[in-house]
Amino acid sequence: MQASFLRTAAAALLCCAAPWAAAQTVGSVDTVFKWIGPDHKIVVDAYDDPLVKGITCYVSRAKTGGVKGALGVAEDRAEASISCVQTGPIHIDKPLKKQDEVFSERISLLFKRLRVVRMVDAERNTLVYMTYSDRVIEGSPQNSVTAVAVPREVAIPLR
């Protein structure tokens, strides 16, 4: 009974995570030396927008080191910065929601996530990306925003 529940829960998590792109680490810098375990650092990850070909978002965030960081039980800080750029011809296969979460990554063992949301500014033919972190009980108002102007010949279809 319990094993069946765990398999079902794991399958549900995998299904829910499917639309999100995987991060590719571009690089990192150490910020605090730790005698035991990895150093605290700032990591820069690249995410390709899964529904808009030709746009890549770069997110920098703190990553906690030490023993807790090595064991995967550390809670990373709720601070991140984002910059999204056109990295190729922009192509949109499916209509986009006016606002949609496009990336999500766990930054604590259970309750905290780093999120990236895409918003469509149809009037200006622009895609706006915002990063923030949330927690089950209380999120953080710290956020970062960036925008990518889509060429006028590429219409942004909305659903």
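Which residue does a disulfide join to Cys-57? In this predicted model, the partner is Cys-84, with an S to S distance of 2.0 Å. A search of the whole structure finds 1 disulfide. The link between Cys-57 and Cys-84 is right-handed, with 105° about the S-S bond. Cys-57 belongs to strand S3 and Cys-84 to strand S4, so the bond ties together parts that lie 27 residues apart in sequence. Cys-57 has a relative accessibility of 0% and therefore counts as buried. Cys-84 is also buried, because its relative accessible area is 5%, which falls under the 20% cut-off.

The largest nonpolar core comprises 21 residues. Within this core, Val-52, Ile-55, Ile-90, Leu-127 and Tyr-129 have the most contacts. At least two core residues come from each of strands S3 (52–63), S4, S5 (99–106), S6 (112–121) and S7 (126–135). In soluble globular proteins, nonpolar side chains tend to be buried together. With residues up to four places away in sequence left out, Val-52 touches Ile-90, His-91, Ile-92, Leu-96, Arg-118, Leu-127 and Tyr-129. Three of these partners, Ile-90, Leu-127 and Tyr-129, are listed with Val-52 among the core residues with the most contacts.

Leu-51 is located in the loop between strand S2 (40–48) and S3. Its relative accessibility is 23%, so Leu-51 counts as partly exposed.

On the surface, Val-26, Tyr-58 and Val-85 form a nonpolar patch. The accessible area of the three together is about 230 Å². Val-85 lies in strand S4, which spans residues 80–92. Val-85 is classed as partly exposed because its relative accessible area is 33%.

A further local feature concerns the backbone at Asn-125. This residue is not a glycine, yet Asn-125 has a positive phi of about 50°. Most residues other than glycine have a negative phi. Asn-125 is placed in the loop between S6 and S7. With a relative accessibility of 8%, Asn-125 counts as buried.

Note on methods. Residues numbered from 1 in each chain as written. Predicted model: local features only at pLDDT ≥ 70, side-chain atom pairs only at ≥ 80, totals over all residues. Heavy atoms only, no water. Patch = residues over 30% accessible without salt bridge, like charges linked within 9 Å, V, L, I, M, F, W, Y side chains within 5 Å. Areas by Shrake-Rupley, 256 points an atom, 1.4 Å probe, with all protein chains shown as cover. Salt bridge = Lys/Arg side-chain N within 4 Å of Asp/Glu carboxyl O. Helix = DSSP H or I, 4+ residues; strand = E, 2+ residues; numbered from the N terminus. Buried < 20%, exposed > 50% of the residue type's maximum accessible area, 1.4 Å probe, protein only. Core = buried A, V, L, I, M, F, W, Y, C linked by side-chain atoms within 4.5 Å. Contact = heavy atoms within 4.5 Å. Disulfide = S-S within 2.5 Å.
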